[in-house]
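Hi,

Here's the structure I said I'd pass on. Have a look at it first, and then read on for what turned up.

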Amino acid sequence: MSAITSKQKTSFVVKGRVGEKYLNGSVSISGAKNAALPALAASILFDDEISYNSIPFIDDIQVFMEILSSLGADIKKTNDGASVSFGGKMPKSVIDPSAMCALRGSIILTGPLLARTGRVVFSSPMGCPIGKRPIDFFIDGFKSFGADITIKENGGIEYVVTAPKGGLVGTEIFMRHMSVTATETLIFTALLAKGTTVLKNCAIEPEVSHLVEFLNKCGAVITGAGTPTITIEGGSLLKASGKSYTLPADRVEAGSFLMLGILAAENLEITNCNPEHLESLIDTLRRSGANNFEVTKNSFIIKKEDRKKVLPASYPINIQTHEYPGFPTDLQSIIAVYASQLKGRSFIFESIFEDRFRYLDYLKKFGVRFNMINRREIEIDGPTKLNGSVITKVPDLRAGFALITAAAIAEGETVIRDLKHVNRGYEDLEKKLRGIGLDIIRE
Ligand code: EPU
């Protein structure tokens with residue numbers, strides 16, 4: 001599996017070609033990591049085997065499948081997916097603390113385990129260092145279903161959550177912020193609670209509604225997904241009855257390749273994606289003067305520039321990251337690199353995570369000119385000719401793509417070391433990049 005072999009070599013060497021538009025060809029977008037985690041977690045709520053298509057084989061999924069196996073799941077890998085079954089047996093209810101340390105997304109298992117087994121034991125999850133990432137919505141949510149919570153400190157923090165004697169009871173929950181994984185987790189919890197649950201201020205990310213559509217085909221009764229209020233009728237275990245779930249395309253990967261393509265491609269097709277999920281990015285790019293790409297129903301096409309049609313100037317951007325359909329925080333670092341190539345002073349405000357600008361120290365090494373106004377706001381001046389650099393560590397998953405984008409448009413060679421976070425999130429990354437002409441090797 002690519003996730004395992006990729007671990008063996010830990011640096012990228014990229015030869016940039018400043019100012020040239022040299023990338024060509026076609027790149028196909030993988031299934032979305034952030035859709036795969038909740039979809040796999042949902043298997044806990046199924047009475048029978050559930051099959052998945054378009055699972056990206058990346059380290060996060062590998063770790064997640066290992067956790068599922070440790071809980072009792074039988075997982076069989078298929079060509080581009082997997083099937084998962086608990087064989088009618090009760091899953092274990094203790095999540096291995098080391099797994100929770102490796103993957104913040106493992107928190108999504110807590111809701112289904114509590115609902116199915118009446119108990120879940122887990123520790124504080126860790127993931128990309130992009131902010132505090134509290135779990136109060138999960139804890140408060142479980143309490144609201146009637147669960148009892150014991151918190152123990154033994155090195156880390158351990159939570160023991162137990163359903164009341166008569167089982168979880170449907171409830172009404174208002175979440176202070178729209179949270180993707182909290183919304184998904186509490187939907188799962190509600191599915192086996194008694195009665196009706198109403199979740200308010202829910203995340204409306206497409207990954208949520210896409211999964212709910214499938215759950216409803218398997219016996220769930222959930223209305224309102226894709227809106228801030230979701231209502232769930234509690235019932236019994238779901239049945240796939242041979243149906244399989246195909247993951248939606250990764251909109252973050254698609255948007256990342258789009259920005260790389262606009263900066264460095266002559267002709268490039270980004271296929272197997274859903275541009276409808278990237279309206280805020282498309283709007284931002286168009287406003288910045290990027291007119292060398294076309295949008296189809298399921299692809300982006302970056303065209304050879306017709307000099308007569310290309311706008312005489314590019315314009316700085318002014319964005320604020322926002323829950324869907326606003327500008328995705330997961331594309332924030334990549335658009336910072338893009339902004340460094342625009343004329344004038346761009347402005348980026350990170351509204352979701354309070355510590356998601358760590359990568360700027362690394363972009364500085366390429367020559368990117370910026371001013372950090374405070375922990376959430378930056379200005380970037382451009383255009384700047386970037387120079388290759390040695391990067392000792394990829395600070396977080398999405399910053400990994402940002403650094404590669406900077407390396408691709410820089411002059412000379414860049415070495416990017418410590419690829420742990422890149423391996424977590426992008427399937428066959430260097431293969432895809434080499435396939436479109438980037439001089440990148442892993443060593
Ligand atoms: N929040 C709380 N309390 C909670 C949960 C969240 O205050 O109990 C706050 C967070 O601190 C944040 C806001 O709510 O300020 C929204 O965070 P959210 O919970 O939506 O983030 P998440 O579910 O942990 C998912 C993705 C992230 C992506 C965010 C935002 C998964 C597995 N992760 O995280 O993806 O950045 O939504 O869209 O779906 C990535 O792929 O690199 C990544 C970090």
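One term before we start: two strands count as paired if DSSP finds at least two bridges between them. Also keep in mind that this is a predicted model.

With that in hand, take strand β1 (residues 11-17), which is joined to β23 by four bridges, the two running antiparallel. Within that pair, Lys15 sits opposite Asp439 of β23. Helix α13 (residues 397-409) packs on the sheet there, touching β1, β21 and β22 (411-417), and its direction makes about 40° with that of β1.

The sheet itself is open, with four strands in the order β21-β22-β1-β23 and mixed pairing. Its edges are β21 (390-391) and β23 (439-442); each has a single partner strand, so one side of each is left without a neighbour in the sheet.

Now for another set of strands. β9 (residues 172-174) and β10 (residues 196-200) run parallel and are joined by three bridges, with Phe174 opposite Lys200 in β10. To get from β9 to β10 the chain goes through helix α7 (residues 180-191), making a right-handed β-α-β crossover. β10 also has four bridges to β12 (residues 230-233), this time antiparallel; there, Val198 has Thr231 as its bridge partner.

Finally, the nonpolar cores. The largest has 75 residues, and Leu109, Phe122 and Leu215 touch the most other members. Leaving aside residues up to four places away in sequence, Leu215 touches Ala42, Phe46, Phe188, Leu191, Ala220, Ile222 and Leu238. Another core, of 71 residues, lies apart from it and includes Tyr22, Phe366, Ile378 and Val422.

Cheers

How values were computed. Residues are numbered from 1 along each chain as its sequence is written. This is a predicted model: local features need pLDDT of at least 70, side-chain atom pairs count only at pLDDT 80 or more; totals for chains, interfaces and linings use all residues. Side-chain values use heavy atoms; hydrogens and water are left out. A nonpolar core is a set of buried Ala, Val, Leu, Ile, Met, Phe, Trp, Tyr and Cys residues joined through side-chain atoms within 4.5 Å. Buried means under 20% relative accessible area, exposed over 50%, partly exposed in between (1.4 Å probe, protein chains only). Contact means heavy atoms within 4.5 Å. A crossover is right-handed if, with the strands pointing away from the viewer, the path from the first strand over the helix to the second runs clockwise. Axes are lines fitted to C-alpha atoms, for helices over the stretch in contact, and angles run from 0 to 180 degrees between N-to-C directions.
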